[in-house]
Amino acid sequence: MITENKMEYNFDELIDRTNSGSVKWSKPDVLPMWVADMDFKTVPEVTEALTKRASHGVFGYAATPPSFYDAIANWWKKRHALQVENDWIVAAQGVMPALAAAVEALTSEGDKIIVQPPVYNHFFVTVEQSHCELVENNLLYDNGNYQIDFEDLEQKAADPAVKLLLLSNPHNPAGRVWTKEELQRLGEICIHHNVVVLSDEIHSDLVHDDFTHVPFASLGEAYAKTSITFSSPSKTFNLAGLQVAYFFTENASFRSRIKAILTKWEMTMLNIFAIDSLIVAYEKGEYWLANLKKYIYENYQYLTEFCRSHLPDLPIIPLQATYLVWLDCSALGMPSSVITDRLLKHEKLWLQPGIKFGQAGDRFLRINIACPRLLLKEGLQRLEQEYKRIRTA
């Protein structure tokens, strides 16, 4: 059962970078605002549970208990009004391994897969490492807003070789929360052309006020049976290093075929810390999450005001979800990778170049704002210094 703890959490606390264990800190003299994990300690109850588990001293193999699946089902019912049956859920060691297994299970050599750039870079990696061909349905960008190009999607989905669409819902890196109407139209196209939707909903819990996450599987039976949903508490509660995730689908055939691939890859067994972290986060982390989202949005507001005052011709794409801000750097007149290289060289600031998310993302930067405000201010000041340097060159 999900419970609420009314404790306030201090997200301004600076962590010890040298002992964080995060890939973000692999360059100790650099301020990292790139990869999608947070600089915040997780839910205190999770830390307590893992400390208790560690004190036991025996770290053998662990079966995934029914309470693991109960916690997931309860979370989706309460947070997203979606009824998920326990036997629809399959545990995995990460969203991307599970999604890669789905690609392996549901396609054959020569098949095609649709992605919607600019989009999460590992979608490209997964398709490239498969036996399939990448098909790009670029999002439409107009005056700071992103929309799905449905006309182009219809045309490309009509190709009989197209078998899958990889959906980022909510969207990374654009921060869009797709509406019910948008998802229904996308789903109708895919159902009509027998295209299975793999919906990556790992950011579903990080939707900001005035927006509502719509699970793709909630749209109706036809949508649920022709799709697979992938998620994890890793983004929500900063647990990525514990490698805990899952997917669910009503379609028993999809489920068994994907599980068979994960079994072949020896990736179905979770470690004891991963199991405990998910259960405790989903059962006791709601109030922590409410505090987190408030802090992140205040960071976004601070960033927006800073850029308006100090970087006036670099528009911020409105942030509807995630802690990843998408910054339009077209006015600087250079590729995103050149800008990030300069920032790293001159200012020791590490941002993610938009080209990582496909050609449609070039001329953009992605900034991770899930950090104490002191670090955010420092990062933005460094960005301003390089901005001035480019402008006066």
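Predicted model: local features only at pLDDT ≥ 70, side-chain atom pairs only at ≥ 80, totals over all residues.
Residues are numbered from 1 along each chain as its sequence is written, and side-chain values use heavy atoms, with hydrogens and water left out. Local features need a pLDDT of at least 70 and side-chain atom pairs count only at pLDDT 80 or more, while totals for chains, interfaces and linings use all residues.

Let's start with the second largest pocket, which has a volume of about 220 Å³. A pocket here is an open set of points on a 1 Å grid over the protein atoms alone, where a 1.4 Å probe fits, with protein on both sides within 12 Å along at least five of seven lines; lining residues have an atom within 4 Å of a point. The volume is the space filled by probe spheres set on the points, which are joined across faces, edges and corners. Around this pocket you'll find Arg 79, His 208, Asp 209, Asp 210, Phe 211, Ala 290, Lys 293, Lys 294 and Tyr 297. Helix α11 (residues 286–310) gives the largest share of that lining, four residues. Helices are DSSP runs of H or I with at least four residues, strands are E runs of at least two, and both are numbered from the N terminus.

Next, look at Asp 200, in strand β8 (residues 196–200). Asp 200 is buried but has no salt bridge, and the nearest side chain of opposite charge, Lys 235, is 8.4 Å away. Buried means under 20% relative accessible area, exposed over 50%, and partly exposed in between, with a 1.4 Å probe and protein chains only. A salt bridge would take a side-chain nitrogen of Lys or Arg within 4 Å of a carboxyl oxygen of Asp or Glu; for charge, Lys and Arg count as positive and Asp and Glu as negative, with His and the chain ends not counted. What Asp 200 does have is a side-chain polar atom 3.2 Å from the backbone nitrogen of Ile 202.

Trp 76, in helix α2 (residues 66–80), counts as buried because its relative accessibility is 1%.

Now for the backbone. Most residues other than glycine have a negative phi, and most peptide bonds are trans. The bond from Asn 169 to Pro 170 is cis, with omega near 0°, and the one from Asn 172 to Pro 173 is cis too, with omega near 20°. Pro 170 sits in the loop between β7 (162–168) and α6 (180–192), and Pro 173 is also in the loop between β7 and α6.

Glu 266 has a positive phi, near 60°, and is exposed at 67% relative accessible area.

Notes
Polar contact = N/O pair within 3.5 Å; in protein donor to acceptor, adjacent residues only side chain to side chain.
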